[in-house]
Amino acid sequence: MTDDTHSTTLRTPIVAVLGHVDHGKTSLLDKIRGSAVSEGEAGAITQHIGATDIPLATISTMAGELVQPEDFDLPGLLFIDTPGHHSFSTLRARGGALADIAVLVVDVNDGFQPQTEEAIDILRRTGTPFVVAANKIDTTAGWNPQEGLPIQETYEEQSERARSMLDENLYALIGELSDAGFSADLYWRVQDFQKNIGVVPVSAMTGEGVPDLLTVLMGLSQRFMKEEMAIDVAGPGVGTVLEVKEERGFGATVDAVMYDGVIRTDDQVVIGGQDEPIVTDIRALLQPQPLAEIRTEKQFEKVDSVAAAAGVKIAAPDLADAMAGAPVRVVRDRDIDDVITEVTAELEEIDVDTAEDGVVIKADTLGSLEAMASALKEAEIPIMRAEVGDIAPRDVAIAETANQDEHKAILGFNVDILANASDELEAADVKLFTDDVIYQLIEEYDTFVEERKRAQQ
Ligand code: GDP
């Protein structure tokens, strides 16, 4: 911004946690929050809508000598509360990922699994830097929790002890990362986290390695992301819709993560909608009540403004058609048409190659629609229409118009079927596939095509 009444500040980096089901994403997030609370004083963490803010002071208390507050000017880390790559791919911002960094959780005993691969594909495509949390080290034979992590020793001591204490699964994991095209190593041997993926052994059960993980995330952000964290503190807020939710007393509300500027209760906002950008006036900005004050009824408290990076619930008229993954932009002092143009352009960036003949795909968010489209492209399955939202009668009607019988299909990722669409489906010759794992969805469709071909022979 050239306007010199505006000043820049460094915002908190946004961190997402992803990985295969059951590898410990939820447990790790819980442990990070729990350890932070038990280590820190009051204000050790701040609960946002959809995210948890862990300030530098708390990280520093947890990490001991490793994180000296004076060495950092980033304010802390903002963890997105919903783990998994569905939510991660929702977090898109201007063609990339909204999350600045990711933690890829891998169960050391299990190694790479299909959703690990899927997560890596998404991280690669969005160019998101990440670290690997090699989880469940408490269950590995070579691990001696008494000795702790060899983090404060010399390189030679570390390597020596690491060899004797670390389970070979960790080395296997490093091998798998290398097969996936990433140069990776145990984090204390990594010099440049931009070139090499750091692998941090952790236990979401015992909490071991959690301070190390936070240290690595903090160091990585401070060294390589400082410029990207510079925001215009007073500028019009910019964010992404995480979820659209009905809230008693407020109607449809939008949970958003704001990554730039500030959003205020008297602001007009433009939010990406199903058919066209929604222009509306904020009625209230809501944050969770501090834990101690939560009573049964009143869960939220109204706030006047929220500065990035933060999660916030926006209550405003006409939000029912807002789309998860769509942009949120405050208009303040700007030309409304320019803002609408920007939102439209951001939505159009989502490029799905559609063909004259192909299947219909539906997904819960723009990001997952994009991920799904790219996976289908790789599998050479043509797409006729791609849309965010639950499966509606219109989708059935469109799928029916496909030329080839095998294309008379709807592939739905993380979506429901609207009641009236079920009736249409029964009447129509359209196959429906739904799943919440992309590769499984494609496998199911492929099996159907194979069987169909065999039946015709
Ligand atoms: P998610 O599906 O990736 O979110 O995985 P969860 O966090 O739900 O964990 C799956 C299971 O693994 C649960 O039964 C956890 O208690 C267990 N688990 C997670 N992390 C650890 C760990 O570090 N050590 C051990 N022993 N179990 C863990």
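1. Two strands count as paired if DSSP finds at least two bridges between them. Strands (E, at least two residues) and helices (H or I, at least four) are DSSP runs numbered from the N terminus. In the pairing of strand S8 (residues 101-107) with strand S9 (residues 130-135), the two run parallel and are joined by six bridges. Ala102 stands opposite Phe130 of S9.

2. The model is predicted: local features need pLDDT of at least 70, side-chain atom pairs count only at pLDDT 80 or more, and totals for chains, interfaces and linings use all residues. Residues are numbered from 1 along each chain as its sequence is written, and side-chain values use heavy atoms, with hydrogens and water left out.

3. S8 and S9 belong to an open sheet of eight strands, ordered S3-S4-S5-S2-S8-S9-S11-S10, with mixed pairing. Strand S3 (46-47) and strand S10 (184-186) are the edges; each has a single partner strand, so one side of each lacks a neighbour in the sheet.

4. Helix H1 (residues 25-39) touches strand S2 (14-19), S3, strand S4 (51-55), strand S5 (76-80), S8 and S9, and its direction makes about 140° with that of S2. Helix H6 (residues 168-179) touches S8, S9, S10 and strand S11 (197-201); the angle between the directions of H6 and S10 is about 160°.

5. Thr12 lies in the loop between strand S1 (8-10) and S2. Thr12 is buried at 6% relative accessibility (buried is under 20% relative accessible area, exposed over 50%, partly exposed in between; 1.4 Å probe, protein chains only). Leaving out residues up to four places away in sequence, the contacts of Thr12 include Asp53, Asp100, Met229 and Ala309.

6. Rings of Phe, Tyr and Trp (its six-membered ring) pair if their centres lie within 6.5 Å; planes under 30 degrees apart are stacked, over 60 edge-to-face, the rest tilted. The count by this rule is five aromatic pairs. One of them, Tyr187 with Trp188, is edge-to-face, at 5.2 Å centre to centre and 80° between the planes. Tyr187 is buried at 6% relative accessible area, and Trp188 is buried at 10%.

7. Phe433 and Phe448 form a tilted pair, 5.4 Å centre to centre with 55° between the planes. This pair links distant parts of the chain, 15 residues apart: Phe433 is in strand S26 (residues 431-435) and Phe448 in helix H12 (residues 438-456). Phe433 is buried at 8% relative accessibility, and Phe448 is buried at 10%. Phe433, Tyr445 and Phe448 make up one aromatic cluster.

Technical notes
Contact means heavy atoms within 4.5 Å. Axes are lines fitted to C-alpha atoms, for helices over the stretch in contact, and angles run from 0 to 180 degrees between N-to-C directions.
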